[in-house]
There are 2 protein chains.
Amino acid sequence: MTVHSSRAGSPDTAVTFINVFEVDAGDAEAVAAQWERRGELMRDKPGFLGSRLHRARSSDSRFQLVNVAHWESQEAWEAATADPAFQRGTQEARDDAAKPITVSPALYDVAVDLTPLPQSETPG
Amino acid sequence: MTVHSSRAGSPDTAVTFINVFEVDAGDAEAVAAQWERRGELMRDKPGFLGSRLHRARSSDSRFQLVNVAHWESQEAWEAATADPAFQRGTQEARDDAAKPITVSPALYDVAVDLTPLPQSETPG
């Protein structure tokens, strides 16, 4: 549980991919459904460790959808996203959107990992 | 692995807290260190399930830091963040920042959960 040195990530270490969506709350459900279809293409890619699309509880939240995915390496992620079928799906999702969708995808390392303290037992 | 109905979350179900930081890449390490000190206050709170602060691999990424935390319920998260010591720490972090830090905290439900397909064995 320390702040790791910056830029610790290298192409062959596990990496977190986070994509922050700016989308109208009213469009979030449709965008999530499209995302799920594209995501299916990722499930059998080498190095894919899992992905969760999060939806804001409040329609007032600035970022209605946030994807957090885990990959064995940056190289595995790059190879998977280079799949033409995936790229077509991404383009179609943009074309189909009723309103513009802004996405901010990036690769991340875990800088700080906080786990719960062990619970002390009730005295007595 | 379905798109759950919208607003599925209720105050007593597990919730994901995501905070997206807009901060200069050059300030990210200092902000992460401050975040870790505040985060320590969360570790013994009831309902805290863990928290990871992610740092972008590239200094060009729009969002240099993203915190993804898990709580047993929205109520547990609300109670923990109401702690005056935590609120003081948050305020001090803002006051100490060399440049303005924009944060976008919100509560999320998992809308889609993709797990890897079981790997088929090599034929033969």
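How many salt bridges does a search of the whole structure find over all chains? I got 12, taking a salt bridge as a side-chain nitrogen of Lys or Arg within 4 Å of a carboxyl oxygen of Asp or Glu.

**Ground rules.** I am working with a predicted model, where local features need pLDDT of at least 70, side-chain atom pairs count only at pLDDT 80 or more, and totals for chains, interfaces and linings use all residues. Residues are numbered from 1 along each chain as its sequence is written, chains are lettered from A and ligands numbered from 1 in the order in which they are written, and side-chain values use heavy atoms, with hydrogens and water left out.

**Entry 1, one bridge.** I looked at B:Glu22 and A:Arg62, whose side chains meet in a salt bridge (2.8 Å, N to O). B:Glu22 lies in strand E1 of chain B and A:Arg62 in the loop between E2 and strand E3 (65-71) of chain A, so the pair joins two chains. My helices (H or I, at least four residues) and strands (E, at least two) are DSSP runs, numbered from the N terminus.

The same surface serves both copies, as 100% of the contact residues of chain B recur in chain A.

I find 59 residues from chain B and 59 residues from chain A in the contact, where contact means heavy atoms within 4.5 Å. The area buried between the two chains is about 5100 Å², with carbon and sulfur atoms giving 53%; buried area is the accessible area (1.4 Å probe) that two parts lose on being put together, summed over both.

Between chain B and chain A I count six salt bridges. One pair I noted is B:Arg57 with A:Asp109, a salt bridge at 3.0 Å, N to O.

Which way do strand E2 (residues 48-56) of chain A and E4(B) run? They run antiparallel, and six bridges join them; strands pair if DSSP finds at least two bridges between them. I also looked up A:Ser51, and its bridge partner in E4(B) is B:Leu114.
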